[in-house]
Amino acid sequence: MSGTAVAGSYRTRLADPVVARTFVLALVGRLGHAVLPLTFLFTVRQSTDSFATAAAAMAVFGSTTLVMPVQARLADRHGQRVVLTCVAAGFVLVLGAAALVARGSGGAPAAAWLAISVLLGLTAPALGPPMRAQWRWFVPEGPARVKAYSLDAVCEETLYLVGPVVAAAVLARGPAWHGLVLVAGLIVVGAAGLVSSPAATVTAAPADPDDPEIFAGQGNSPGPTDATGPTDATGPTDATGPTDATGRNDAPASGGSAAPGRRGSPLGLAGMRRLLALMAGFGCASALMYTGVAARADAAGHPGWAGYVEAVVGAASVTGGLAWGARRHRRAWPAQLAGTLGLLGISLCVASAMTSWWLLGVVLVGAGLAVSPSYTVAFVAADAETPPHLRTEASTWVSTITNLGSSGGTALAGVVVGAWGAGAPLAVAGVVALVAAAAAGSLAATPSRS
């Protein structure tokens with residue numbers, strides 16, 4: 001496919017001004033999530049004078065975001081407008097309180113920051129899953145939706161290029177808590193953009209107990225619809241069943257039948273459980289990478305350097321995501337994840353041996369190339385492994401479990417830094433990614449079960 005054709009296909013997704021406005025404002029809010037990690041990490045570091053406490057606070061924050069699937073289920077039931085408004089308001093209040101605590105003289109005890117981390121995690125608005133839910137309303141199922149998801153993943157990774165640079169600028173110019181105030185403003189804009197969308201009030205259709213997709217995969221469903229937009233008030237037609245990353249309607253690669261007693265949860269699907277286990281490993285490796293870079297910068301006395309290296313990773317991720325979205329992938333999703341996780345692991349292992357910051361950034365380009373494609377594969381796989389009425393929650397579980405893996409990786413990074421030094425987390429990250437890649441490869445080699 002030519003570059004012009006690829007660019008045109010991405011522009012098509014944003015041809016509708018309502019879609020474009022919603023997506024852009026949602027990206028502003030999601031930028032807040034990209035700025036938050038470094039600014040919150042160093043806010044706690046500056047307040048407590050302990051990197052281990054800062055890493056623990058970040059881990060607690062990540063682990064408490066397990067409530068995000070609850071947000072998704074409530075949004076499916078009551079619409080995004082009510083749920084996002086309430087959650088975002090709570091998050092902004094907690095950010096304001098954290099900024100006030102950090103501003104106070106004498107710092108704050110570690111227990112106070114751990115409590116703030118819990119509150120931040122419980123109130124953090126999940127802006128990515130609601131946007132993907134709106135994509136499902138705006139864009140028909142099949143190759144067009146794969147393009148939309150790829151565009152979404154690429155733009156999100158662009159934010160993780162811009163976010164660390166913004167955080168680095170904040171850290172260079174003043175105390176880190178200034179970044180928390182900035183994050184609060186960005187979240188307000190993003191939440192407002194999502195709740196003002198016409199898709200914000202749409203709720204998921206209840207499961208039909210006679211629908212065979214509830215109990216089995218999609219192997220008997222017809223091909224993707226050729227519709228070009230939403231067909232009714234509930235969004236694009238989903239009567240054709242899930243598709244894979246190529247737009248073809250194939251059976252789940254890992255077997256996706258749901259147990260009758262678990263019809264209301266994506267976790268009742270074997271394919272989803274396998275996908276989530278792999279994404280937990282991906283999240284752990286990613287967090288070890290980012291926290292390891294921050295630890296190196298802190299040890300060097302230049303915390304802002306972490307933002308610039310993370311920006312390099314983000315730029316590579318955007319490049320990888322654009323290239324990934326431009327191709328048709330005929331392998332099943334476990335094989336695709338095995339490839340991206342393998343690239344991530346090899347790059348991190350090599351990066352752990354780099355002593356120069358320039359060389360570190362160059363080698364981590366390889367890791368960045370794997371990040372956005374991994375997310376794209378995961379979100380498309382979540383659609384392929386679940387029936388239509390569970391897809392918003394399934395997408396949220398992908399984000400949540402990745403965040404939970406990230407929490408474990410962040411906590412592990414704090415321990416590793418204390419035991420073996422600032423350079424060790426990258427090596428551990430590489431090992432974790434390679435183990436996950438091996439597991440994905442094993443799954444890909446296992447015959448599908450229908």
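The bend at a residue is the angle between axes fitted to the seven residues ending there and the seven starting there. The legends below describe close-up views of a predicted model.

**View 1. Helix 13 and its kink at Gly366.** Helix 13 spans residues 357-385, 29 residues in total. A kink of about 35 degrees is centred on Gly366. From first C-alpha to last, helix 13 reaches 41 Å, close to the 42 Å expected at 1.5 Å a residue. Most of helix 13 is covered, with 22 of its 29 residues buried.

**View 2. The N-terminal end of helix 13, capped by Ser356.** A side-chain oxygen of Ser356 is placed 3.2 Å from the backbone nitrogen of Trp358.

**View 3. Met131 in helix 7.** Helix 7 covers residues 128-138, and Met131 is one of them. Met131 has a relative accessible area of 0% and is therefore buried. Beyond its neighbours within four places in sequence, Met131 is in contact with Thr22, Phe23, Ala26, Arg30, Asp152 and Leu194. Ala26 is 105 residues from Met131 in sequence, yet their C-alpha atoms are 7.1 Å apart in space.

**View 4. Two buried cysteines, Cys155 and Cys284.** Buried means under 20% relative accessible area. Cys155 has a relative accessibility of 19%, so this residue counts as buried. Cys284, at 14%, also counts as buried. A disulfide is a covalent bond between the sulfur atoms of two cysteines. With a cut-off of 2.5 Å between cysteine sulfur atoms, the count of disulfides in the model is 0.

Note on methods. Residues are numbered from 1 along each chain as its sequence is written. This is a predicted model: local features need pLDDT of at least 70, side-chain atom pairs count only at pLDDT 80 or more; totals for chains, interfaces and linings use all residues. Side-chain values use heavy atoms; hydrogens and water are left out. Buried means under 20% relative accessible area, exposed over 50%, partly exposed in between (1.4 Å probe, protein chains only). Helices (H or I, at least four residues) and strands (E, at least two) are DSSP runs, numbered from the N terminus. Contact means heavy atoms within 4.5 Å. The expected span of a helix is 1.5 Å times one less than its number of residues. A polar contact is a pair of N or O atoms within 3.5 Å; within protein, one must be able to donate a hydrogen and the other to accept it, and residues adjacent in sequence count only if both atoms are side-chain atoms.
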